[in-house]
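Subject: Structure handover, with notes on what was found

Dear colleague,

Here is the structure I promised to pass on to you.

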Amino acid sequence: MEILDIRDIRTVPDQYHMYTPDLRNSAVPIVFDNGSYNCRVGWATSKQPNLVFKNLLARPRKDRGKKEGETQIGNDIANIEAVRFQLKTQFDRNVVTQFEIQEQILDYSFAHLSIDTDEQVEHPIFMTEAFLNPNYSRILMSELLFEGYHVPGVCYGIDFLLSYSCSNNPCRTAMIISVGYHCTHVIPVLDSKIDTARCKRIDVGGYHITNFLYKMLQLKYPGHLNAITPSRAETLILDHGHIATDYIAEVSCWSDPEYYDLHVKRIQLPYNVPVSTPLTPDQQREKRRELAKKLVELNARKREEKLAEDEEKLGQLTVLQELVNDMDTPQTIQGALRGFNLSNLNELRKMITQLNAKIQKTKHKIAAFTGAIEENISEEPKIKIMKNDIKLPTDDEDVKTWLNEVYKKRKDMLERRTLRRQRRVDMAKRGTIASQERMRLISQLARKEKNDDDFGIRDEDWDVYKVINKEGGDTDSDEEQEKIAELETVLKYYDPLFNANSSSNEPFNAKEAYQLHLGVEQMRAPEILFQPSMIGSSQAGITETLEFVLKGYPADVANTLANNIFLTGGPTRIPGFLDRLHKELMEMRPFQSKFAVSLAKEPSLNAWLGAQKFCKSDTFSEHLITFADYQEKGGDYLKEHFASNQYVPLPAPLPISDVANDSVGENVLKVE
């Protein structure tokens, strides 16, 4: 079976592009595809975006709280997992809400385009925005671009409409399914205009697919929590994820062991194996001698320290005895004895005698022990075996053969115990072969007549009893467990590579321990686009939402929409997406009706390419919002075009007189 290495994404810092005289002296638009996953920035004259980076900002922990700390943006973040908890984005789902972060993203983009004009950008900006973007968000974006960068003009557009305009044959009526990073949109377009009333949004996207796989793998492999990261889960989806054409049928196939072995992906995680050379039996014995010698020296040092303490105490008591003999009054004698917790002279003499005996005993012990140190250390500790049937090897030549026999004996005992326990489990379940055989034998015995009931007289009847016994005919005995423990003790003594957790003599394989088996997860994670209930969402999936939208139209309009379904967005690149949608449409559309599904050529880049195409058209300048428009009509002002949102101006503020009258009326009511 092929073992695949996990692919870690290594970001390369964005280069600084030349701000050529041709660009400096012309009004070439700058195209911003401001996506919630990736930001794509480039000149309208470029064939591809000049910058493609993640819309993320991170400030390392050491720089937090500083006014001028180092800020990393996009591809400048070398290790995204190291600053995972410091990451920030300007988006709340797919709507820009944090404009201080958006300003830093714009600074980063203009700096890498090498625009060096003083406090202004002398190029019009095309900026993508969310579908049905709130006016408040557009107001702040226009304020940032006009008053912060003094751009000559701004044009806003929706990413999926720009992507659709970049397709081969864009029709005036189509059903667009845009799968984004945080949400999915089902958009009917009638006569080149969005039918806003029937548009639907599903709060599931690429982020949820990655997060779902990340959580599944962490639950499946709790020992590799640090090795399984969101970035690696994302690469696993991109490299090995697919969408099942028939999810239920494919899930049932995974229960077959042969199918599992053929289709499972074995992913190798990085790991470090400590360099250690196994010790030979002679080296083990030498190591045990060294440990025994250290232990002996430690015990000897403790005895010498204790002997020194006793001799010092004996000297103090001897001095006390001499002082007491020179004292005249009983009061002074009692005071001197009280300092050593003694009540009379007899206790003092008794303690001196005991200390003398203890010191002499310790000296004899040290003297006797010092002479026998080398002899005791040179002796090899013998292994203690209680059972007589475990024979130890007689010579060094037969050790290997003998070890294999001991391993085999231990393996046989473990297998018998495992089979016995499995039989007990099978007996407890209805429908298993063991349980059925037991019931068959019981029914045969029950059919005998009472007069002929001689079951139990013969010794063979007890074999039948063992078969029908719920305990499987035998139990785990203490004697068997003791024998296994003694075999393991022998193996530990003679084989330094012995692993008690293994039933065989195969060494521990660290490489296999750091492998992920990506089985049903490779299709279960993307399945949430069609079944959001798998992650606890109450919303409908893509096909159910599409069917609901189509049923809201007359049959002829629904057929026209179904005949031109366009898919765009990064997650639509997952293999099987087109086939799954085609199968679901076949099931839900009327019999013999026609439908067609097309996929964007470059789902992740088509929005930027569509915006670039629009910027090069002759009508682009007509749809630019100038600074004069911004000052006159407000920041929410929008010039509509084929790929823009509908302009819905904010309600006009009340006149000052009306506001004053309302406030007076409120005051009067309060007084009343």
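For what follows, two rings of Phe, Tyr or Trp are taken to pair if their centres lie within 6.5 Å. Please keep in mind that this is a predicted model.

Aromatic rings

A search of the whole structure finds 20 aromatic pairs. In one of them, the rings of Phe126 and Phe614 have centres 5.9 Å apart and planes at 70°, and because planes over 60 degrees apart count as edge-to-face, this pair is edge-to-face. Phe126 belongs to strand β10 (residues 125–129) and Phe614 to helix α22 (residues 606–615), so that the pair links distant parts of the chain, 488 residues apart. Phe126 is buried, with a relative accessible area of 0%, and Phe614, at 5% relative accessibility, also counts as buried because the limit is under 20%. Ring pairs also link these two residues with Phe620 and Phe642, giving a cluster of Phe126, Phe614, Phe620 and Phe642.

Another edge-to-face pair is formed by Tyr637 and Tyr647, whose rings are 5.4 Å apart from centre to centre, with 85° between the planes. Both tyrosines lie in the loop between α23 (627–633) and α24 (656–671), 10 residues apart. Tyr637 is buried, with a relative accessible area of 12%, whereas Tyr647 is partly exposed, with a value of 22%.

Two arginines also meet aromatic rings: the charged end of Arg198 sits over the ring of Tyr553, 4.7 Å from the ring centre, while the charged end of Arg580 sits over the ring of Phe530, 4.6 Å from the centre of that ring.

Strands

Strand β18 (residues 565–568) is covered on both faces, with Ile565 and Leu567 buried on one side and Phe566 and Thr568 buried on the other. Strand β12 (residues 174–179) pairs with β18 in the parallel sense over four bridges, and β18 is joined to strand β19 (residues 597–599) by three bridges, again running parallel. Phe566 takes part in both pairings, as the bridge partner of Ile176 and as the residue whose own partner in β19 is Ser598.

Elsewhere, three strands form an open sheet in the order β6-β5-β7, with antiparallel pairing. The edge strands of this sheet are β6 (72–73) and β7, each of which pairs on one side only. Strand β5 (residues 57–58) is joined to β6 by two bridges, and Ala58 stands opposite Gln72 in β6.

The second largest pocket

Strand β7 comes up again here, as one of the elements that line the second largest pocket. This pocket has a volume of about 600 Å³ and is lined by 23 residues, of which Arg84, Leu87, Tyr181, Tyr207 and Pro230 lie nearest its centre. The elements that give two or more residues to the lining are β7 (87–88), α5 (206–220) and α6 (230–240), and α5 gives the most, with four residues. What is the make-up of the lining in nonpolar, polar and charged residues? The lining residues divide into 10 nonpolar, seven polar and six charged.

With best wishes

Conventions
Residues numbered from 1 in each chain as written. Predicted model: local features only at pLDDT ≥ 70, side-chain atom pairs only at ≥ 80, totals over all residues. Heavy atoms only, no water. 1 Å grid on protein atoms, 1.4 Å probe; cavity = no way out; pocket = protein on both sides within 12 Å on 5 of 7 lines; lining within 4 Å. Points joined across faces, edges and corners; volume = space filled by probe spheres on them. Nonpolar A, V, L, I, M, F, W, Y, C, P; charged D, E, K, R; others polar. Phe/Tyr/Trp six-rings, centres within 6.5 Å; stacked < 30°, edge-to-face > 60°. Buried < 20%, exposed > 50% of the residue type's maximum accessible area, 1.4 Å probe, protein only. Lys NZ or Arg CZ within 6 Å of the ring centre and 35° of its normal. Pairing = 2+ DSSP bridges.
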